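Let's take a walk through a protein together, from its overall layout down to a few individual side chains. Keep the model open and turn it as you read.

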Amino acid sequence: VPSANYEPSSVPLVKMQGSLDNVASVYLTREDYERRDADDFLRRLFETRTVLAIGMSLRSGGVGDQRRAGARHYAIVNDVTPDRRQQLLEQNIHAIGYDSEATAWKGNQIIMGELFARVNQVSS
């Protein structure tokens, strides 16, 4: 449920890796992104917005291995090691990590629930 200050045009939601309802829309590899000319869109997105990546590994061979321009970006990632956290920081991405086993593989859901609660608390 959006807060009273929520403006949909200012907070875009981009489903980066497609939808299983439309298999042709699924992006899994670097080649998928290149074939669909997504690099320019992604570059502009990172330059003009703060991005929260959910459910993406951000590993080599996927979406961009280079430093992201603009403000600091965020990624919810499981089982992030100190080395991986540093690699992400070098790409201008702050890792919001969780332990997969400790959260029964529901880390994304738990973190998103907490973010939702905090955003609604601030805007109330």
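What follows starts with the whole chain and then visits single elements and residues.

A word on the ground rules: this is a predicted model, in which local features need pLDDT of at least 70 and side-chain atom pairs count only at pLDDT 80 or more, while totals for chains, interfaces and linings use all residues. Residues are numbered from 1 along each chain as its sequence is written, and side-chain values use heavy atoms, with hydrogens and water left out.

How confident is the predictor? The average pLDDT of the protein is 79, and 81% of the residues score at least 70; pLDDT is the predictor's confidence in each residue, from 0 to 100.

Now for the layout. The protein has four helices and three strands, where helices (H or I, at least four residues) and strands (E, at least two) are DSSP runs numbered from the N terminus. Read from the N terminus, their order is α-α-β-β-α-β-α. Of the 124 residues, 31% are buried; buried means under 20% relative accessible area, exposed over 50%, and partly exposed in between (1.4 Å probe, protein chains only). Contact means heavy atoms within 4.5 Å, and of the contacts with a separation of 6 or more, 36% join residues 24 or more positions apart.

V26 counts as buried because its relative accessibility is 18%. Leaving aside residues up to four places away in sequence, V26 touches Q17, G18, S19, D32 and R36.

Next comes helix α2 (residues 38–48), where A38, L42, L45 and F46 are buried. These residues lie on the same side of α2 because they cover an arc of only 90° around the axis, the arc being that of the directions from the helix axis to the C-beta atoms. An α-helix has 3.6 residues a turn, so residues three or four places apart point the same way. The cover over the buried residues of α2 includes α1 and β2.

Moving on, T81 sits in the loop between β2 (73–78) and α3 (82–90). With 40% relative accessibility, T81 is partly exposed. Its side chain reaches the backbone nitrogen of R84 at 3.0 Å, a polar contact (a pair of N or O atoms within 3.5 Å; within protein, one must be able to donate a hydrogen and the other to accept it, and residues adjacent in sequence count only if both atoms are side-chain atoms).

The side chain of N92 reaches the backbone oxygen of A71 at 3.1 Å. Beyond four places in sequence, the residues that N92 touches are R67, R68, A69, G70, A71, R72 and H73.

We finish in helix α4 (residues 107–123), which holds both R118 and E114, four residues apart, about one turn of the helix. R118 forms a salt bridge with E114, with the closest N and O atoms 2.7 Å apart; a salt bridge is a side-chain nitrogen of Lys or Arg within 4 Å of a carboxyl oxygen of Asp or Glu. A search of the whole structure finds one salt bridge. R118 is exposed at 51% relative accessibility, whereas E114 is partly exposed at 39%.
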